[in-house]
Amino acid sequence: GFKMGIVGLPNVGKSTLFNALTRTAAAQAANFPFCTIEPNVGEVAVPDARLDTLAGIAKSKEIIPTRMTFVDIAGLVKGASKGEGLGNQFLANIREVDAIAHVLRCFEDGDVTHVEGRVDPVADAETIETELMLADLESIEKRRANLVRKLKGNDKEAAQQDRLLAAAQAMLEEGKPARLVEVDAEDARAWRMLQLLTTKPVLYVCNVAEDESATGNAHSAAVAEMAASQGNAHVIISARIEEEISQLDAEEAEMFLSEMGLEEPGLDRLIRAGYELLQLETYFTVGPKEARAWTIRRGTPAPQAAGVIHGDFEKGFIRAETVAYDDYVAFNGETGARDAGKLRAEGKSYVVKDGDVLHFLFNA
Ligand code: GDP
């Protein structure tokens, strides 16, 4: 599955947000209990109204949403790259995530101490980014030193790694994150495998005061501008509000939201923004037993998409039977879609589209 790491300076609202995320009714209503893997790791159901529609048409007994994992990565402070706070231990946690949800304090509250004694989310973002850049530089230097012997032996893989590490190093030495390095398609995989912290896409989470969650404020506007200039994303959320919503049942939550002038919980927006940022898409498998959603990266060919369900599906892939979501709904299910000629047989090179309802045929 895909993993988002929640980072931020102390006292910005990370734990509040993490608890809200993982206790929310949406996470509970899903047919798997919210699952706490470790105290700071949780899986959340990805809200998707299409799944309920499909289940309704197919009269599926069970509805199983797709999931996203959130990891609360505490301990990031100024000096983390030099071992302050939890230091390197927590940097290792960041290496493993697909994207970073960076919580920024955008609320004013004299009762909640800010580590720097002022509310300035753009400066906070820079503080954290600087730590990540320093950590990357340090690990690059170590890794390049370790590659020296292999390079003498004309190891091709080592040469590729060293070339990519050198490009990242040059960028970081200019004071810029490694994500700004332009990487050729043939290097993309090796580049990802380097797991540099500043190549992870960032979603800035502006934690605003309770009465600002619909509108944002001047702080969140400054973050929005910064995010846009970096090619990163942002969402506006009040962690306190989300915490309250997470304790309500679905009906109460809806009333509460409309009183606040909100259309949906901020958490839904957060998860969707994570989806966008990671370029993720959803396909469905639908039958009388269950309707289920699955997550893939945009541009995934059918065999690899099948592999998300089971490795054997990928290995023995023969073909996929496909109905687009809109057709499935318009023709009231698979039989209707088939009769209307909307069920397609697709081969190995078919690129799965968001909303596809799929059956895989495979050799066991
Ligand atoms: P963390 O250290 O980043 O995990 O921060 P916490 O989630 O523990 O929050 C730190 C303090 O800020 C707690 O007392 C929270 O109740 C408070 N807090 C979090 N979000 C908000 C908010 O939106 N508004 C206000 N006024 N306080 C908040």
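I began with the record, where UniProt, in an unreviewed entry, places the feature "domain: TGS" at residues 279–362; UniProt positions are in the numbering used here, feature names are shortened, and annotations may be inferred rather than shown by experiment. I kept in mind that this is a predicted model, in which local features need pLDDT of at least 70, side-chain atom pairs count only at pLDDT 80 or more, and totals for chains, interfaces and linings use all residues. Residues are numbered from 1 along each chain as its sequence is written.

Over residues 279–362 I read 27% helix and 37% strand, with the end C-alpha atoms 27 Å apart; helices (H or I, at least four residues) and strands (E, at least two) are DSSP runs, numbered from the N terminus.

**Ligand shell**

I then looked up the 16 residues around the ligand, of which G13, K14, S15, T16 and D109 come nearest (a residue is near if its C-beta atom, placed from the backbone, lies within 6 Å of the molecule). Helices α1 (14–23) and α9 (239–246) each supply at least two residues of this shell, and the largest share, three residues, comes from α1. I noted that the UniProt annotation "binding site", again from an unreviewed entry, covers N11, V12, G13, K14, S15 and T16.

K14 is buried because 25 other C-beta atoms lie within 10 Å, whereas S15, with 17 C-beta neighbours inside 10 Å, counts as partly exposed (buried is 20 or more other C-beta atoms within 10 Å, exposed 12 or fewer, partly exposed in between, with C-beta atoms placed from the backbone). Leaving aside neighbours within four places in sequence, K14 is in contact with I6, G8, D72, A74 and V103, contact being C-beta atoms, placed from the backbone, within 7 Å.

Not counting residues up to four places away in sequence, L54 touches F284, V286, A291, Y328 and V357.

Last, I recorded that the C-alpha centres of domain 1 and domain 2 lie 31 Å apart. The contact takes five residues from domain 1 and seven residues from domain 2.

How values were computed:
Contact = placed C-beta atoms within 7 Å. Domains from an automatic or database assignment.
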